[in-house]
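Thanks for coming. I have one structure to go through today, and I will take its contact surfaces one after another. Please look at the model while I talk.

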Number of protein chains: 2
Amino acid sequence: MKLLKDTLSRIEKVDGSLGAETQKRLDNLTKPQGSLGRLEDFAAQIVEITRHQNPQLKNKVIFTFAADHGVTQEGVSAFPKEVTPQMVYNFLRGGAGINVLARHVGARVVIADLGVAVDLDAHPQLLIKKVGYGSENMARAHAMTREKAVESIENGIAIFEQEFKKGIDIAATGEMGIGNTTAASAITVVVTGCDVEKATGKGTGIDGKTLEKKITVIKKAINLNKPDPKDGIDVLMKVGGYEIGGLTGVILAASARRVPIVIDGFISSAAALIAVAIEPKSKDYMIASHCSVEPGHKIVWEYLGLTPILDLNMRLGEGTGAALAMGIVEAGTKILNEMATFEAAGVSEKN
Amino acid sequence: MKLLKDTLSRIEKVDGSLGAETQKRLDNLTKPQGSLGRLEDFAAQIVEITRHQNPQLKNKVIFTFAADHGVTQEGVSAFPKEVTPQMVYNFLRGGAGINVLARHVGARVVIADLGVAVDLDAHPQLLIKKVGYGSENMARAHAMTREKAVESIENGIAIFEQEFKKGIDIAATGEMGIGNTTAASAITVVVTGCDVEKATGKGTGIDGKTLEKKITVIKKAINLNKPDPKDGIDVLMKVGGYEIGGLTGVILAASARRVPIVIDGFISSAAALIAVAIEPKSKDYMIASHCSVEPGHKIVWEYLGLTPILDLNMRLGEGTGAALAMGIVEAGTKILNEMATFEAAGVSEKN
């Protein structure tokens, strides 16, 4: 609990004090005022978060955490749970979607086992930070104990801190865990208060009948466990998952280090909900990457008041949407850092 | 006219014959089917256009053409027309928005003078393909003669062909020309049949009163010149501009070479309207980059049946939206080229 408490104590509000000056600098660049739209907003936000006037987003790090979910026993997923470890090995060999997109934007991927149900083979790029061998089945018990919920968050913080020493200018979340859209939907329902039907989608591709079962399972889990929406750790322990806890830790640690944190898909956004429930100021450090096909994702963004950058019908997770969004955010900072001013370029200003 | 005719004769329909096979390959990659959404669509479209099974979008080229517009005499723009040549020099020094974003995605920018009102200083990176010293004032005369309209298109084709010899895997349009949103709005109204009010916006940032004047000027120009919406060259000569003609040429030349062509902002999309009016098959090669703040842009995309990739409140032109979109499209092709299959990665398929 000490690591979490220390981290929370270091999270400051982003106060917007550099906004006017940054806007003035953006307005002096050779373009009509505001004509680069959200790219300018991203530049201003990164300045506020990092307190650097010319932030460089060179070190881009995506945290892709894996864990298994006991709720798969209820038959809520289209893929067998063996896919969780198989995909971790795929990440380590560089063949997954996140590897391709991370390379594309020049990001490195940090892969960690927060709670895969089997012991994974050692690999120099794999961090083993196992909290358990998969969470419990939330339809029959708490997904984990409160101690394990805190441990998963603290493991995420520890991983972030270790990587922070190597340099992180901007971070992103990502995940892999068969069954984890069920947990994400449950978290979304509990925290936002929306209907289960509205926050539950087809995940990796279940049919209509399985979707009905998934909705029933989520209702059962919430009725049984009664998570307290105001207590983020309570929500995590009752209907969450170990990788979601780990990502909550990454978000909180990034906020404490004033590092912008790009939130990926629906499961990552559920971790963002828990982070905000624990410490509302962490929201100031978040950037919404994209809007997923999963219906709950839009609900989370609206609840958090964040507008996603991309809307490309994606629903893979792993950090894939965040990787692309990082590239766009970086473009925004380059506008601020590299464009010529009207004066320097000898360009006439507006009539 | 010969160069244009030859180019048109080489434009083939994109027949979709590789679609099923490409989809099968995409579905064999280690991700739930369709979970990378539009990234998969982009990959499939590039395969169809290029007829390469594993297209590499290494050589990315943005054609940024400049010209002046006689209609600025009517006081329809927020910036003085001197800004057109000033911005060309800014492009050549690498300080403009398009330079920053092109560098970000690894694209090269081809800068050409299609009709700036003054003689520009020679520069190794500047192509002088002047059709005239600015177009005529469309509120009082045809913007140009039919001969000059064809010449502007053929100059665009010639520039594309010259660059094609150096290698182009994907191309994009961009422009600079004080007054050219007035021309783009007029073209949009003529071709799509929408109301002038709906297709006319604040361009680089005019006030409400100037916007009213701009609308009046566009109505006057259309009533005076009576462009034939079915004759793309007639539309270009009566209410177009030299850079718009040049970009029309680039679009047609790219289509003839089976090179995907990313259409940038509102002015570029007006060139796309003219290209499609001249040769409807050219639409198959187009990719809609983004949706601009200019209200006419959405009207053009809907008319063409194209869905923009990005929506970031941008309205700068130059090719800036296209540059970012190129990066996203390239990410799609990398998915196809670099991701592991279920079999190769030893990942179990769907239950």
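Let me start with the two chains: chain A and chain B bury about 4,600 Å² between them, and carbon and sulfur atoms account for 62% of that area. Please keep in mind that this is a predicted model.

How many residues of each chain are in contact with the other chain? The count is 55 residues of chain A and 55 residues of chain B.

Next, the kinds of contact between the chains. There are 2 salt bridges between chain A and chain B. One of the salt bridges in the model joins the side chains of A:Arg103 and B:Glu338, at 2.9 Å from N to O. Polar contacts between chain A and chain B come to 24 residue pairs, counting pairs where both residues have pLDDT 80 or more.

Which helices of chain A supply at least two residues each to the side that touches chain B? They are helix 3, helix 4 (83-93), helix 5 (97-105), helix 14 (320-338) and helix 15 (342-345). Helix 14 of chain A gives the most to that side, with 9 residues. Sorted by class, the side of chain A that touches chain B has 26 nonpolar, 19 polar and 10 charged residues.

Now to the inside of chain A. Chain A is divided into two domains: domain 1 covers 2-55 and 335-345, and domain 2 covers 60-330. You will notice that domain 1 is written as two stretches of the chain. Taken over C-alpha atoms, the centres of domain 1 and domain 2 of chain A are 28 Å apart.

These two domains also touch. In chain A, 19 residues of domain 1 are in contact with 28 residues of domain 2. The area buried between domain 1 and domain 2 of chain A is about 2,100 Å², and carbon and sulfur atoms give 62% of it. Which three residues supply more than any other three of the area that domain 1 of chain A buries against domain 2? They are A:Leu4, A:Ile11 and A:Ile49, which together supply 29%.

Between the two domains of chain A there are 3 salt bridges. Elsewhere on the list of salt bridges is A:Arg10 with A:Glu161, where the closest N and O atoms are 3.8 Å apart. The domain interface of chain A also has 11 residue pairs in polar contact, again with both residues at pLDDT 80 or more. Helix 1 (2-9) and helix 3 (37-50) of chain A each supply at least two residues of the domain 1 side. Helix 3 of chain A has the largest share of that side, 8 residues. By class, the domain 1 side divides into 9 nonpolar, 3 polar and 7 charged residues.

Last, the aromatic rings. The whole structure, over all chains, holds 8 aromatic pairs. One aromatic cluster is formed by A:Phe63, A:Phe65, A:Phe160 and A:Phe164.

That is all from me.

Note on methods
Residues are numbered from 1 along each chain as its sequence is written. Chains are lettered from A and ligands numbered from 1 in the order in which they are written. This is a predicted model: local features need pLDDT of at least 70, side-chain atom pairs count only at pLDDT 80 or more; totals for chains, interfaces and linings use all residues. Side-chain values use heavy atoms; hydrogens and water are left out. Domain bounds come from an automatic or database domain assignment. Contact means heavy atoms within 4.5 Å. Buried area is the accessible area (1.4 Å probe) that two parts lose on being put together, summed over both. A salt bridge is a side-chain nitrogen of Lys or Arg within 4 Å of a carboxyl oxygen of Asp or Glu. A polar contact is a pair of N or O atoms within 3.5 Å; within protein, one must be able to donate a hydrogen and the other to accept it, and residues adjacent in sequence count only if both atoms are side-chain atoms. Helices (H or I, at least four residues) and strands (E, at least two) are DSSP runs, numbered from the N terminus. Ala, Val, Leu, Ile, Met, Phe, Trp, Tyr, Cys and Pro count as nonpolar, Asp, Glu, Lys and Arg as charged, and the others, Gly among them, as polar. Rings of Phe, Tyr and Trp (its six-membered ring) pair if their centres lie within 6.5 Å; planes under 30 degrees apart count as stacked, over 60 as edge-to-face and the rest as tilted.
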